[in-house]
Amino acid sequence: EENKAEGDSGTVDVMAPCRQLLTELEQHEAAWPFQMPVNGRRFPTYHKVIVQPMDLHTVKERLESDRYKTRDDFCADVRLIFSNCDLFNEDDSPVGEAGHAMHTFFEERVTQLWGDT
Ligand SMILES: Cc1nnc(-c2cnn(C)c2N)n1CCCn1ccnc1
């Protein structure tokens with residue numbers, strides 16, 4: 001069980017790398033479309049197409065409320081941001097290009113932090 005307390009020396013903060021990675025995503029120059037939930041009034045068709053919207057602010061709220069029990073739970077929500085973007089945007093559109101840049105950056109950092117193949 002990953003979140004088990006580490007003896008008397010205090011618990012292991014398995015989510016620290018996730019918070020660090022989320023900060024890097026928020027500060028990325030291509031993060032502008034993904035910072036907050038898509039506004040249904042400004043983009044009425046968006047919620048007809050995207051059944052499970054996700055954004056960096058929502059990920060932050062979930063991380064800070066201990067909703068993610070493993071780093072895979074965290075990664076799944078972040079990857080949802082990019083799959084939603086791919087579904088709704090052309091590759092060569094401004095939002096589509098931003099999504100690809102963010103996704104590439106994210107997967108590179110996941111490999112560096114956790115060595116996933
Ligand atoms: C995020 C995201 N992915 N696709 C869109 C979108 C909604 N309508 N249109 C025409 C899109 N390309 N969005 C919404 C966020 C786009 N955005 C955020 C801040 N400025 C623009």
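Surface patches are defined here as groups of residues with over 30% relative accessible area and no salt bridge, in which like charges are joined within 9 Å and nonpolar side chains (Val, Leu, Ile, Met, Phe, Trp, Tyr) within 5 Å. The structure is a predicted model, in which local features need pLDDT of at least 70 and side-chain atom pairs count only at pLDDT 80 or more, whereas totals for chains, interfaces and linings use all residues. Residues are numbered from 1 along each chain as its sequence is written, and side-chain values use heavy atoms, with hydrogens and water left out.

The protein chain contains five helices and zero strands, assigned as DSSP runs (H or I, at least four residues, for helices; E, at least two, for strands) and numbered from the N terminus. Along its principal axes, the C-alpha trace spans about 50 × 25 × 20 Å. Of the 117 residues, 34% are buried, where buried means under 20% relative accessible area, exposed over 50%, and partly exposed in between (1.4 Å probe, protein chains only).

A negative surface patch is formed by Asp86, Glu90, Asp91, Asp92 and Glu97, with Asp and Glu counted as negative, Lys and Arg as positive, and His and the chain ends not counted. The place of each charge is taken as NZ of Lys, CZ of Arg, CG of Asp or CD of Glu. Over the protein chain, the mean positions of the 12 positive and 23 negative charges are 6 Å apart.

Five salt bridges are found in a search of the whole structure, the criterion being a side-chain nitrogen of Lys or Arg within 4 Å of a carboxyl oxygen of Asp or Glu. One of them joins glutamate 24 to arginine 109, with the closest N and O atoms 2.6 Å apart; because glutamate 24 lies in helix α1 (residues 16–27) and arginine 109 in helix α5, this pair ties together parts that are 85 residues apart in sequence. Glutamate 24 is buried, with a relative accessible area of 18%, and arginine 109 likewise counts as buried at 18% relative accessibility.

A further salt bridge brings together the side chains of glutamate 107 and arginine 79 (2.7 Å, N to O), a pair that links helix α5, which holds glutamate 107, with helix α4, which holds arginine 79, across 28 residues. Glutamate 107 is partly exposed, with a relative accessible area of 24%, and arginine 79 is partly exposed at 33%.

How values were computed
Accessible areas come from the Shrake-Rupley method with a 1.4 Å probe; for residues, only the protein chains shown count as cover.
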